[in-house]
Protein chains: 4
Amino acid sequence: MQIAIVGLGKMGGNMVKRLLGGGHQVVAYDRDPAAVERAASAGAVGAVSLADTVTKLSATPGPRTVWVMVPSGKATDDSIAELFDLLKAKDIVIDGGNSNYKDSIRHSEELAKKEIRFLDAGTSGGIWGLEVGYCLMLGGDKSAFDHVLPALTTLAPKDGLGYFGKAGAGHYAKMVHNGIEYAMMQSYAEGFELLKATDYDYDLAKLADVWNRGSVVRSWLLELAGRAFKNDPGLTHLKGYVEDSGEGRWTVNEGVARAVPVPTIAAALFARFTSRQENSFAMRVIAALRNEFGGHAVKKA
Amino acid sequence: MQIAIVGLGKMGGNMVKRLLGGGHQVVAYDRDPAAVERAASAGAVGAVSLADTVTKLSATPGPRTVWVMVPSGKATDDSIAELFDLLKAKDIVIDGGNSNYKDSIRHSEELAKKEIRFLDAGTSGGIWGLEVGYCLMLGGDKSAFDHVLPALTTLAPKDGLGYFGKAGAGHYAKMVHNGIEYAMMQSYAEGFELLKATDYDYDLAKLADVWNRGSVVRSWLLELAGRAFKNDPGLTHLKGYVEDSGEGRWTVNEGVARAVPVPTIAAALFARFTSRQENSFAMRVIAALRNEFGGHAVKKA
Amino acid sequence: MQIAIVGLGKMGGNMVKRLLGGGHQVVAYDRDPAAVERAASAGAVGAVSLADTVTKLSATPGPRTVWVMVPSGKATDDSIAELFDLLKAKDIVIDGGNSNYKDSIRHSEELAKKEIRFLDAGTSGGIWGLEVGYCLMLGGDKSAFDHVLPALTTLAPKDGLGYFGKAGAGHYAKMVHNGIEYAMMQSYAEGFELLKATDYDYDLAKLADVWNRGSVVRSWLLELAGRAFKNDPGLTHLKGYVEDSGEGRWTVNEGVARAVPVPTIAAALFARFTSRQENSFAMRVIAALRNEFGGHAVKKA
Amino acid sequence: MQIAIVGLGKMGGNMVKRLLGGGHQVVAYDRDPAAVERAASAGAVGAVSLADTVTKLSATPGPRTVWVMVPSGKATDDSIAELFDLLKAKDIVIDGGNSNYKDSIRHSEELAKKEIRFLDAGTSGGIWGLEVGYCLMLGGDKSAFDHVLPALTTLAPKDGLGYFGKAGAGHYAKMVHNGIEYAMMQSYAEGFELLKATDYDYDLAKLADVWNRGSVVRSWLLELAGRAFKNDPGLTHLKGYVEDSGEGRWTVNEGVARAVPVPTIAAALFARFTSRQENSFAMRVIAALRNEFGGHAVKKA
């Protein structure tokens with residue numbers, strides 16, 4: 001089928017390749033002409049603007065499909081607002097980025113004013129998606145889902161996609177997925193630190209590999225841990241500094257809003273916050289209190 | 001090779017079968033004659049006591065190997081103490097149960113007084129081990145490991161076993177494995193509860209299956225979650241009551257002892273504790289305090 | 001000075017009495033005429049509407065002061081919107097309820113369009129405030145603070161009030177105060193449950209009293225705990241079911257938004273959520289997983 | 001009454017003074033002769049050894065009382081073992097240090113072999129105890145408690161002491177007290193960091209003082225926070241590095257052992273652990289995993 005990909009970064013760029021490999025016609029657009037050039041070299045039809053993207057899709061009859069793969073928030077808002085003007089009834093907008101599901105509900109309602117159909121596609125797989133396929137969790141207009149299924153089937157691994165309900169269902173599932181991901185990574189990390197804290201001198205790469213054969217904790221993340229330990233057994237080249245990109249925060253906020261206890265997801269998020277602090281004010285307060293009541297020694301900043 | 005299995009429960013019984021399937025000669029013993037009978041029917045040599053077990057191993061020259069697979073604590077202590085009397089220098093005792101690694105260090109030292117060699121074998125795989133193989137993390141005497149490698153290779157999946165260091169290294173790794181397991185399960189559980197708390201009416205079995213194709217959180221536990229949701233989509237037949245079996249507690253204690261922060265593992269353990277409380281005293285204290293300072297309503301027991 | 005109190009519930013009703021006791025003239029209004037009647041009996045000027053409230057304040061020259069003490073959210077929004085129409089430049093609106101600080105910033109901006117001055121007053125003290133005084137944290141217009149200082153001084157205990165900055169500073173401080181309160185209550189609650197879990201048969205009322213004399217954990221909450229244990233030593237009449245009223249949630253959300261780790265406040269909030277669950281879905285997921293991989297027994301719902 | 005104090009550090013030294021001020025006869029001993037000298041200058045009878053201590057107590061008829069105030073663990077074990085040899089039936093040993101309650105149960109049993117009576121005295125108050133008095137939680141022999149009540153009454157603030165049950169009850173209560181203390185300090189610390197994270201420029205010393213007048217979170221620790229912020233408003237001179245001294249760890253271990261959820265106490269303990277880590281291995285694992293699956297940037301150590 002014909003589909004446009006808007007946003008040709010790490011994710012979008014590889015999706016173009018995977019779609020082309022599946023025999024689809026892809027119109028590719030990015031604000032960066034070099035990214036468009038790369039996609040064109042791979043076989044896509046390059047576009048110079050969103051308007052141009054839509055024009056190039058119009059060569060083929062039937063509803064037009066635009067997959068937006070840009071940063072969540074303003075960039076996605078702006079792209080969808082512009083597509084609202086460019087598209088017409090029955091056309092399809094898919095937001096494959098990491099948008100907050102509330103934004104997706106809003107986008108769906110806005111586009112519905114012109115009967116433009118909307119899908120929110122939670123997308124997981126990272127840089128491995130090109131090879132393995134992208135796990136896709138869809139929400140939104142069911143008829144649109146049915147229409148774009150050929151492209152989705154190419155993008156995803158076998159059985160790695162599903163339609164989960166009305167608008168927002170896809171991005172909500174992706175948000176929860178990432179919350180789980182945060183807590184799983186923290187789970188492994190605590191375990192590996194415990195192993196490292198002994199005098200057993202564990203070969204962590206080997207242990208990760210062994211665990212991945214038949215143990216209860218086997219997983220893809222554990223495979224990646226094995227790879228990381230093979231490259232740098234003590235992770236000595238790394239700083240224990242971890243960013244977070246929004247979905248973990250949203251997951252905790254959803255737990256708070258819905259009165260669902262999320263202690264491990266919150267703990268994982270807070271561990272990242274702490275990892276980025278140079279001199280925690282909270283811990284300074286405690287050091288000061290201990291000094292006040294017990295005369296305990298403090299360290300000077 | 002020839003090996004005795006002592007303890008023919010869910011784990012030990014299946015290990016006998018897997019070893020027989022691999023062409024090994026197995027002497028099987030359990031306090032329960034019916035369990036011995038079942039093993040004998042499968043092709044093992046049944047024994048009526050530990051002494052009989054050792055005698056039956058003695059028909060073959062070379063060091064004798066006894067795999068102890070009984071509950072950790074007293075049962076394991078008692079078995080190893082009796083084997084100390086029955087075995088002689090160069091013989092091998094393997095503790096494949098969920099013993100605390102400190103017990104394994106002690107067992108190793110005790111057996112060493114007669115030059116009996118000891119291995120602690122952390123064993124993961126549950127009821128799936130018969131089919132998939134048991135993931136094995138070994139610690140203890142390296143020469144003993146080399147000697148029993150044929151049996152270990154049969155028990156484990158391909159590449160699913162490793163030697164990790166002196167006595168205790170196997171059971172310490174298994175303890176950490178289970179701590180990670182607790183936190184991973186809690187991670188998924190929080191996520192699924194968040195999904196359940198929406199009005200999206202997620203098909204959780206389908207979502208688990210989709211996530212298992214290409215997503216970052218794919219894992220064996222997630223496969224099992226998919227199976228569980230297929231059997232009972234709302235888990236309506238279950239009570240949210242969860243036991244814990246020791247290793248999770250030990251993992252938290254190790255974190256405490258070694259000053260390693262284990263917030264997700266501890267949170268997972270505490271969630272299990274809470275799940276078993278009928279009327280939390282702590283929460284009654286808080287209800288009472290809120291009533292005292294704010295006149296907030298309380299619920300009567 | 002002259003001041004109107006709008007909202008004569010547990011908090012507002014007692015504030016009227018305290019203000020009257022301090023020699024102030026109070027116009028009292030509530031939607032419930034019985035509450036107005038009670039205030040009038042105590043010496044306040046009763047009003048039948050917000051318009052009537054403002055009219056009755058107008059008998060005295062100088063800027064009019066209205067203290068709004070109604071539930072946060074819609075009730076506060078509506079009251080302030082109506083006061084916007086009724087008041088004029090230089091008049092003062094104080095929101096003494098538990099509003100979110102973001103709402104207070106908004107209210108401040110809205111009222112500023114008519115040069116009406118706004119103060120947000122975080123108010124703590126519960127049902128004890130009548131006797132002890134209300135701890136008051138103020139934010140907003142400094143000139144308004146100076147104007148109403150006589151009333152604030154009457155409401156608060158000696159030295160129990162302060163101006164902390166522009167609009168929102170008062171309610172933000174109150175929000176954090178409540179977050180701390182959640183975590184402190186949980187801290188004590190965990191400790192008392194640990195004491196209860198022994199076979200020492202502690203006299204918790206006595207222990208609370210002893211701790212309150214010279215120990216590091218002495219506090220007012222601990223005094224209240226002592227009172228509660230005196231009334232019902234085992235808290236046997238209570239259910240461990242605890243509501244939360246918003247500020248704890250906001251505090252966690254602020255931690256999330258500002259990347260400030262708040263593990264104890266979040267844990268305290270989640271403990272309340274859990275206390276209200278009949279049959280946790282998360283724990284059912286874990287019970288199901290344990291059954292799947294290990295054949296562990298489950299409890300039926 | 002007559003009493004010996006063994007161990008004249010920050011706590012013991014001040015206890016001597018307080019006892020002397022209360023009119024008691026004090027025999028004072030410490031391994032450091034300078035400490036003995038200081039106590040003697042204050043009016044105590046100095047001793048040069050434990051044997052000398054006991055001899056000097058023997059000048060007075062009736063059972064001898066020795067208060068041991070040395071570091072928990074080996075130093076306390078050694079002192080009590082030596083006193084076992086020196087004392088006789090009916091004499092009294094009080095352990096006022098921060099011993100683990102299990103050690104106190106053991107000491108009680110050991111001393112009972114010679115009918116020496118034992119009391120474990122949980123002691124709180126820190127460097128303020130000299131002036132305010134020491135909060136005392138006693139366990140052990142009730143007749144011994146009755147005998148030493150005059151000295152306890154001098155040491156404690158009015159109503160600040162109690163007998164709570166058989167041996168260990170005092171130190172268990174002190175352990176829990178410290179666990180609560182950890183979590184309360186963390187509660188305030190999180191709150192103050194949240195306040196610091198805004199652009200409101202809070203005067204934290206003033207806010208602490210205001211909160212201490214009538215608010216729900218008023219406490220002695222909050223008074224100390226006010227003092228600390230007065231000395232150094234931004235705590236700029238401090239490093240957020242916090243030691244822990246054992247009782248917090250024991251409290252978490254007790255929660256684990258008794259299946260009592262202690263999420264805030266554990267979180268407070270883990271925050272201290274984290275505060276002392278230069279480059280967390282756990283967070284390096286997470287940074288490595290994010291790089292592996294998503295190509296996310298890492299920081300170099």
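## Basis

Residues are numbered from 1 along each chain as its sequence is written, and chains are lettered from A in the order in which they are written. In this predicted model, local features need pLDDT of at least 70, side-chain atom pairs count only at pLDDT 80 or more, totals for chains, interfaces and linings use all residues, and side-chain values use heavy atoms, with hydrogens and water left out.

## Interface of chains A and B

In chain B, 69 residues are in contact with 69 residues of chain A (heavy atoms within 4.5 Å). The two chains bury about 5800 Å² between them, 70% of it on carbon and sulfur atoms; buried area is the accessible area (1.4 Å probe) that two parts lose on being put together, summed over both.

Two salt bridges are counted between chain B and chain A (a side-chain nitrogen of Lys or Arg within 4 Å of a carboxyl oxygen of Asp or Glu). A:Lys166 and B:Asp199 form a salt bridge at 3.6 Å, N to O.

## Salt bridges within chains

Over all chains, the whole structure has 60 salt bridges. One of them joins A:Lys74 and A:Asp78 at 2.3 Å, N to O. These residues are four apart in helix H4 (residues 74-86) of chain A, so about one helical turn separates them; helices are DSSP runs (H or I, at least four residues), numbered from the N terminus. A:Lys74 is exposed at 60% relative accessibility, whereas A:Asp78 is partly exposed at 40% (buried is under 20% relative accessible area, exposed over 50%, partly exposed in between; 1.4 Å probe, protein chains only).

A:Arg249 and A:Asp244 also meet in a salt bridge, at 2.7 Å, N to O, and A:Asp244 is buried at 12%.

Definitions and conventions:
Helix = DSSP H or I, 4+ residues; strand = E, 2+ residues; numbered from the N terminus.
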